[in-house]
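Open your viewer and keep the selection tool at hand. We will go from the whole chain down to single residues.

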Amino acid sequence: MEIRSRALAVLLIADPIAKAAAAQALDASLPVDTLAQIAEPAGIPGRPERPRLVEHITLKPPSMRTPAGIAALVHAIAHIEFNAINLALDACWRFPGMPEAFYRDWLRIAQEEAKHFTLLRDHLLGLGFDYGDFDAHNALWDMAERTRHDLLARIALVPRTLEARGLDASPAVKRKLVGAGDHRAGEILDVILHDEVGHVLAGNRWYRFLCEQRGLEPVATYAELAARYQAPKLRAPFNLEARRAAGFDEAELAALQQAS
Ligand SMILES: [Fe+2]
Ligand SMILES: [Fe+2]
């Protein structure tokens, strides 16, 4: 077996605990078939019956005054990480013709997302809840669906937009949870932020690679893709320090601040 078909097999697993374990157990020393055109099977992504997926708009921000509210926020982050496992595995199997390092990046990222999910799910158990106990939304996977036919759009809008937005959101979410007394959640968010900088860095690296290959100007192309695929509007405050560490250059950060 090679890495892309293994990644697809893990993407099809519905049980989140089994999926996270299988992702972490993927063997990074396996060869990569960079050219294989793999036919898309039904059932992507494998996901459990719970959490129930509802419209984004119907989810209220949880109150930090009750244990259930704190758990609901931890659950929302765990759900993001569950989606992130799926997104990384999907990037790994779906798009042929990239350099081998591309597939190895997304395999490593899938393993880190599985670690993030597991840390949060274990913490949730300690709070008396489990993954699936609260409603969730499907906005992250929706963007994967919309960009399934174009790797440039996928990289522009998933790692460079949605994951980068996670860098921006991290300090405020951490303040909220630690402020409510959940210090363990704060520690987990530190681990996640550290790894996520690496994920966005990989996104920036492959975005530039693809722009160069296609003779496109990165900043204007990003604006065009964000409009065409209806990317969520990014809002200040931006985590400029994390974004710089994740490889955004000053022209991109200026464009971001201008657009917000
Ligand atoms: Fe993550
Ligand atoms: Fe990530």
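What pattern does the protein follow, read along the sequence? The pattern is α-α-α-α-α-α-α-α-α-α. That makes ten helices and zero strands, where helices (H or I, at least four residues) and strands (E, at least two) are DSSP runs numbered from the N terminus.

This is a predicted model: local features need pLDDT of at least 70, side-chain atom pairs count only at pLDDT 80 or more, and totals for chains, interfaces and linings use all residues. Residues are numbered from 1 along each chain as its sequence is written, while chains are lettered from A and ligands numbered from 1 in the order in which they are written.

Show the C-alpha trace. Along its principal axes it spans about 50 × 45 × 30 Å.

Now select I85, A88, L89, C92 and A110. These residues touch the most other members of the largest nonpolar core, which has 61 residues. Such a core is a set of buried Ala, Val, Leu, Ile, Met, Phe, Trp, Tyr and Cys residues joined through C-beta atoms within 7 Å. Buried means that 20 or more other C-beta atoms, placed from the backbone, lie within 10 Å of a residue's own.

Colour helix 3 (67-94). The largest share of this core, 17 residues, comes from helix 3. Apart from this core lies another, of seven residues, including L167 and F248.

Next, pick helix 4 (100-126). Helix 4 has 27 residues and reaches 40 Å from its first C-alpha to its last. Just after helix 4, stop at G128, which takes a positive phi of about 95°.

Definitions and conventions
Buried ≥ 20, exposed ≤ 12 C-beta atoms within 10 Å, placed from the backbone. Expected span 1.5 Å × (residues − 1).
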